[in-house]
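Subject: Model handover

Hello,

Here is the model for you to look through. My notes on it follow below.

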Amino acid sequence: MTTAPQETVRRLRAGVIGLGWAGQQHVAAYAADPTVDLVALSAMEDHLLARFGDAHDVPGRFQDWQQMLAEAELDVVSIATPTFLHATMAAAALEAGLHVITEKPMAQNAEAASGMVEAARSAGRVLDVSFNHRQRGDVTALKDVVDSGVLGTLYYAKTGWIRRQGIPGLGTWFTKAESSGGGAMMDIGIHMLDMTLHLMGEPAVTAASASTHAEFGPLGRGGSGFGVSQVEEGTPFEVEDLATAFLRLDGGGTMLLESSWAQWIPEDLCYVTLYGADGGATIEWGGSPGNHKITVWTEVAGIPAELQPVVGEDGRHAAAVANFLQKVRSGDWAAHDGSLALRRAEVIDACYASARAGAEVRVGG
Ligand SMILES: NC(=O)c1ccc[n+]([C@@H]2O[C@H](COP(=O)([O-])OP(=O)(O)OC[C@H]3O[C@@H](n4cnc5c(N)ncnc54)[C@H](O)[C@@H]3O)[C@@H](O)[C@H]2O)c1
């Protein structure tokens, strides 16, 4: 009897830099993947290096990320540090021959993000960005609905994430302009921008008209206590806690995007509404796992119909990391150079430029 040849998957040696909430999701994703050896961690907190190192038998534990890159013989690395560090760390890792996934946002601005794409191209390695919300079960199910064509051409979308009280790290790097690059739009608006453009089939954003406000943070209101980052007493609140934007899309479509870390509303609100020529659809998400609903309005046999597609499993970071590893294993590294995430960064830059100017601005212009 002959047996079919076993397909062998090359084991990959992985490392994670940064052990706040985001880094912990990458650690969990690698630790649960039987084709990966999680061999090194880097963070500034000894107690987190010990906790996650011990929990997953990780031999390499480094306060110095450059030492980790030099000594740990990694194939892939996740970068989950404060946003302004992503570009420097990614470029060094790519130059060292590693494939890289960074947390969102890719960088503090499009210029830094563009340097990362150049580094990926010149190193010939994968550069990916973790857009974990597009891996949610409601988003993957609605994407299947859209791709079936039942909604027809999508020409308008409304999307937003408004928290009741959720400024992350009030008084930390999160609320300092030069380290985060921006506030609610940069932090959570980017998830809604990413998932909505993904659902709409990636139309290019051509122009933005936006406004920003800071009504909670400067008064010390609206903080969530989220994250491990150290609060620096006296840190001014330099970013926005509410941003709204009107985006023009290639082909004539438009999008309204709102994001806020803190508002006088009863509870967190996170939604996407798609308007198509043959149907409409909405995602409502109350902010907690399992609390998602998709509704589709269309016609079935000429009769107006309201449908409730079943929400799939939440993939989140595990799926984002698995997707990255698949890109690495595909060997088609040139196709994954971070340019999609760079386009997101260009839209966010244009929103901030528009808010400063009080006028519509071209994206990438
Ligand atoms: N995808 C998501 O849903 C999501 C959620 C939260 C945060 N994030 C993103 O993840 C990134 C990190 O956010 P966080 O909330 O985990 O931050 P955090 O401040 O809680 O943790 C940052 C980690 O980076 C480490 N670090 C900082 N400087 C370092 C250095 N020089 N060398 C090694 N380690 C260093 C810190 O020690 C800490 O462990 C940010 O870009 C943020 O926007 C993404």
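The protein chain has an average pLDDT (the predictor's confidence in each residue, from 0 to 100) of 94, and 96% of the residues score at least 70. Where pLDDT is low, the predicted coordinates should not be read in detail.

This is a predicted model, in which local features need pLDDT of at least 70 and side-chain atom pairs count only at pLDDT 80 or more, while totals for chains, interfaces and linings use all residues. Residues are numbered from 1 along each chain as its sequence is written, and side-chain values use heavy atoms, with hydrogens and water left out.

The sheet. Six strands make an open sheet, ordered β3-β2-β1-β4-β5-β6, with parallel pairing. Helices (H or I, at least four residues) and strands (E, at least two) are DSSP runs, numbered from the N terminus; two strands pair if DSSP finds at least two bridges between them. At the edges stand β3 (60–62) and β6 (127–130), each with a single partner strand, so one side of each has no neighbour in the sheet. From one strand to the next, the twist averages 20°. β1 (residues 12–17) pairs with β2 (residues 36–42) in the parallel sense over six bridges, and leucine 12 stands opposite valine 36 in β2. Helix α4 packs on the sheet, touching β1, β4 (76–79), β5 (99–103) and β6, and its direction makes about 170° with that of β5. Angles run from 0 to 180 degrees between N-to-C directions, with axes fitted to C-alpha atoms, for helices over the stretch in contact.

Histidine 86. This residue is found in helix α4 (residues 86–95). Histidine 86 is buried, with a relative accessible area of 0%; buried means under 20%, exposed over 50%, partly exposed in between (1.4 Å probe, protein chains only). Its contacts, not counting residues up to four places away in sequence, include Thr81, Glu103 and Met116. A polar atom of the histidine 86 side chain lies 3.1 Å from the backbone oxygen of proline 105.

Helix α2. In α2 (residues 46–55), Leu48, Leu49, Phe52 and Gly53 are buried. These residues cover an arc of only 115° around the axis (taken from the directions to the C-beta atoms), which puts them on the same side of α2. Asp46, His47, Asp54 and Ala55 are exposed on the other side of α2. The cover over the buried residues of α2 includes α1 (21–31), β2 and β3.

Regards

Technical notes: Contact = heavy atoms within 4.5 Å. Polar contact = N/O pair within 3.5 Å; in protein donor to acceptor, adjacent residues only side chain to side chain.
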